[in-house]
Amino acid sequence: MGDLSKNFNRSEFACKGTNCCGHSAAVHPDLVDALQTLRDRIGKPLSITSGFRCNRHNKAVGGAEQSFHTLGMAADVSCPAGVSPEELAVIAEEIPFFREGGIGVYASWVHLDVRQSGKARWRS
């Protein structure tokens with residue numbers, strides 16, 4: 001059981017930087033709700049590879065200056081149980097917060113965010 005939702009804990013979203021913010025974990029509730037919906041639909045655990053990033057850590061990893069990670073509105077996720085990033089993205093498109101937000105497909109994970117400024121989808 002998670003402390004944010006049925007399957008997600010705040011610690012999963014904590015900043016992974018060193019010598020920065022002390023591993024804070026700001027997480028927007030819409031992101032948690034959408035990720036829980038995704039998790040429920042695929043019926044398999046998701047791994048948060050990058051959640052919240054403080055500005056210092058975001059800069060260190062080459063994140064966009066206005067990254068939604070710094071607002072607690074984005075997560076990079078993978079499914080260790082064998083669901084590909086492409087498959088995750090297709091299912092994420094069915095979830096309104098992600099469909100109206102941002103979805104980015106990478107080789108081993110998918111970026112998902114709950115921005116409200118319109119749909120963004122890209123592939124690296």
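Mentor: Let us begin with a definition: the expected span of a helix is 1.5 Å times one less than its number of residues. Keep in mind throughout that this is a predicted model.

Trainee: With that rule, what span should helix H1 have, and how far apart are its end C-alpha atoms?

Mentor: Helix H1 covers residues 29-42, which is 14 residues. At 1.5 Å a residue the helix should therefore span 20 Å, and the distance found between its end C-alpha atoms agrees with this, being 20 Å.

Trainee: Which residues of H1 are buried?

Mentor: A residue counts as buried when its relative accessible area is under 20%. The cover over the buried residues of H1 includes strands S1 (47-50), S2 (74-78) and S4 (110-113), together with helices H3 (85-92) and H4 (96-99). The buried residues themselves are Leu 31, Val 32, Ala 34, Leu 35, Gln 36, Leu 38, Arg 39 and Ile 42.

Trainee: How are the axes of H1 and H3 oriented, and which hand does their crossing have?

Mentor: Two packed helices are described by the angle between their axes and the distance between the axes. The axes of H1 and H3 come within 10 Å and cross at roughly 115°, and angles of 65 to 115 degrees count as roughly perpendicular. The two helices, H1 and H3, are therefore roughly perpendicular to each other, and the hand of their crossing is right-handed.

Trainee: Which residues make that contact between H1 and H3?

Mentor: Contact here means heavy atoms within 4.5 Å. On the side of H1 the contact is made by Leu 38, Arg 41 and Ile 42, and on the side of H3 by Leu 88, Ile 91 and Ala 92.

Trainee: How many salt bridges does a search of the whole structure find, and which residue pairs with Lys 6?

Mentor: The search of the whole structure finds four salt bridges. In one of them, the side chain of Lys 6 meets its partner with an N to O distance of 3.4 Å.

Trainee: Are Lys 6 and Asp 40 buried, partly exposed or exposed?

Mentor: Buried requires a relative accessible area under 20% and exposed requires over 50%, with partly exposed in between. Lys 6 has a relative accessibility of 48% and therefore counts as partly exposed. For Asp 40 the value is 41%, so this residue, too, is partly exposed.

Trainee: Which residue forms a salt bridge with Arg 53, and are the two buried or exposed?

Mentor: The closest N and O atoms of this salt bridge are 3.4 Å apart, and the partner of Arg 53 is Asp 76. The pair links distant parts of the chain, with Arg 53 in the loop between S1 and helix H2 (55-60) and Asp 76 in strand S2, 23 residues apart. Both Arg 53 and Asp 76 are buried.

Trainee: With which residues is Asn 58 in contact, leaving aside its neighbours within four places in sequence?

Mentor: Asn 58 is found in helix H2. Its relative accessible area is 3%, so Asn 58 is buried. With those neighbours left aside, the residues in contact with Asn 58 are Arg 53, Gly 63, Ala 64, Ser 67 and Thr 70.

Trainee: What is the phi of Asn 19, and what is the phi of His 23?

Mentor: Most residues other than glycine have a negative phi. Asn 19 is found in the segment before H1, and the place of His 23 is in the segment before H1 as well. At 68% relative accessibility Asn 19 counts as exposed, whereas His 23, at 47%, counts as partly exposed. Phi is positive in both, near 55° for Asn 19 and about 65° for His 23.

Trainee: Where is Ala 107, and how far is its C-alpha atom from that of Asp 33?

Mentor: Ala 107 lies in the loop between strand S3 (102-105) and S4. With a relative accessible area of 79%, Ala 107 is exposed. Along the chain, Ala 107 and Asp 33 are 74 residues apart, and the separation of their C-alpha atoms is 25 Å.

Note on methods:
Residues numbered from 1 in each chain as written. Predicted model: local features only at pLDDT ≥ 70, side-chain atom pairs only at ≥ 80, totals over all residues. Heavy atoms only, no water. Helix = DSSP H or I, 4+ residues; strand = E, 2+ residues; numbered from the N terminus. Buried < 20%, exposed > 50% of the residue type's maximum accessible area, 1.4 Å probe, protein only. Axes fitted to C-alpha atoms, helices over the stretch in contact; angles between N-to-C directions. Parallel < 35°, antiparallel > 145°, perpendicular 65-115°, else oblique. Left-handed = near helix turned anticlockwise from the far one by under 90°.
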